[in-house]
Structures are given as structure tokens and as C-alpha cells.
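Please examine the sequence and the three-dimensional structure shown here before reading on. The paragraphs after it are meant to be read alongside the coordinates.

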Amino acid sequence: MTTTAQRFRAAVENRDLAALDDLFTEDIRFYSPVKFTPFEGRPMVLGLFGVLLHTFEDFRYVGEFTGAAETSSDGASAPAEILLFRATAGGKEIHGIDLLHFADDGRIKEFTVMVRPQSAVHALGEAVLAGLVEDGLAPAAP
């Protein structure tokens with residue numbers, strides 16, 4: 001049986017945005033390393049993934065860990081998986097993790113990304129913001 005995390009990983013590695021749609025709960029929360037408040041709701045998170053799939057270069061998962069963790073939204077423990085990745089964005093090499101929390105139905109209800117080093121976080125933030133503005137998902141800076 002293929003797990004949600006395996007389906008998610010395959011969709012990202014194949015840059016298949018359509019395959020992500022049924023993997024997220026309607027009220028998914030996405031915690032970004034460059035924004036204090038989460039992106040909320042499936043339409044917004046799918047839009048963000050559209051930008052991310054175009055922003056990252058040479059994206060690849062390099063490891064995974066399975067367990068449980070407390071969620072940010074309600075503090076409850078939920079099944080979780082960590083996917084370690086490497087990529088390039090804005091000319092900077094990025095090391096990061098995707099932390100996926102799963103709802104009772106197996107879909108992803110909370111998603112947290114952590115990346116390093118700080119220079120990569122900055123480059124990624126600029127590239128993602130430009131993509132969000134270009135796609136109409138964020139207002140242009142005044």
C-alpha cells in the first residue's frame with residue numbers, strides 16, 4: 001500500500017501539482033521558513049506549491065523519518081513524517097526538511113518547512129515572494 005507521504009514525495013519529485021490536490025485536507029496549514037503566519041487552506045497551499053515547484057532547482061529527497069509529533073494548530077499528537085531534501089534556489093544550496101502531519105483520514109493537515117543556511121532562507125524567500133506576486137497570490141510591494 002502506498003502511503004500519503006510516498007504519494008506526496010512522488011508528486012513533488014515529478015513536479016506534478018495535480019497529484020497533490022487530494023493529498024491535502026481542505027483546512028491544511030503550511031508553515032514557511034520565511035513567513036511568521038501559516039498559509040491556510042488547500043487552494044492557497046496548492047498555489048504556493050505551484051510556485052515552489054518552479055522555484056527549486058535540482059530538488060531531491062535524501063531521507064525520511066516516521067513517527068508522531070504535536071501539531072501547531074491544536075497541540076494534539078498526530079502521525080508525522082519528516083522528508084529531508086536538498087535543492088538550489090536563487091543560486092544558493094539549500095538543506096531542508098518537510099514535516100508532514102496527517103489527519104485521521106491520512107491526508108496532510110499540517111506542513112512545516114525548515115531550511116538552512118540563513119542565506120538560502122533569504123534567497124528562497126525572495127524567489128517565492130516574486131512567484132506569489134506573479135501568480136496573483138500575494139500583493140506586489142509598494
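The model is a predicted one.

Strand 4, comprising residues 77–89, and strand 5, comprising residues 92–102, run antiparallel and are joined by 10 bridges. Within this pairing, Ala87 has Ile94 of strand 5 as its bridge partner. The two strands form a hairpin with two residues between them, and Gly90 in the turn adopts a positive phi of about 60°. Strand 5 also pairs with strand 6, again in the antiparallel sense, over eight bridges. Here His101 stands opposite Glu110 of strand 6. Strand 5 and strand 6 likewise form a hairpin, with five residues between them, and Gly106 in that turn has a positive phi of about 95°.

The backbone deserves attention elsewhere as well. Most residues other than glycine have a negative phi, and most peptide bonds are trans. Against this background, Arg15 has a positive phi of about 55° although it is not a glycine. Arg15 belongs to the loop between helix 1 and helix 2, and it counts as partly exposed because its relative accessibility, 39%, falls between the limits of 20% and 50%. Asp58, also not a glycine, has a positive phi of about 50°; this residue is located in strand 3. A cis peptide bond joins Arg116 to Pro117, with omega about -10°. Pro117 lies in the loop between strand 6 and helix 4.

Leaving aside residues up to four places away in sequence, Arg42 touches Asp21, Phe24, Thr25, Glu26, Ile28 and Arg107.

Helix 3 leads on to the largest pocket, since the largest share of its lining, four residues, comes from this helix. The pocket holds about 270 Å³ of space. Its lining consists of 22 residues, of which Phe49, Leu52, Phe56, Phe59 and Asp98 lie nearest the centre. The elements that give two or more residues to this lining are helix 1 (4–13), helix 3 (42–55), strand 3 (57–70), strand 6 (108–116) and helix 4 (118–134). By class, the lining has 18 nonpolar residues, one polar residue and three charged residues.

Conventions: Residues are numbered from 1 along each chain as its sequence is written. This is a predicted model: local features need pLDDT of at least 70, side-chain atom pairs count only at pLDDT 80 or more; totals for chains, interfaces and linings use all residues. Side-chain values use heavy atoms; hydrogens and water are left out. On a 1 Å grid over the protein atoms alone, a cavity is a set of points where a 1.4 Å probe fits but cannot get out, and a pocket is an open set with protein on both sides within 12 Å along at least five of seven lines; lining residues have an atom within 4 Å of a point. Grid points are joined across faces, edges and corners, and a volume is the space filled by probe spheres set on the points. Ala, Val, Leu, Ile, Met, Phe, Trp, Tyr, Cys and Pro count as nonpolar, Asp, Glu, Lys and Arg as charged, and the others, Gly among them, as polar. Contact means heavy atoms within 4.5 Å. Buried means under 20% relative accessible area, exposed over 50%, partly exposed in between (1.4 Å probe, protein chains only). Two strands pair if DSSP finds at least two bridges between them.
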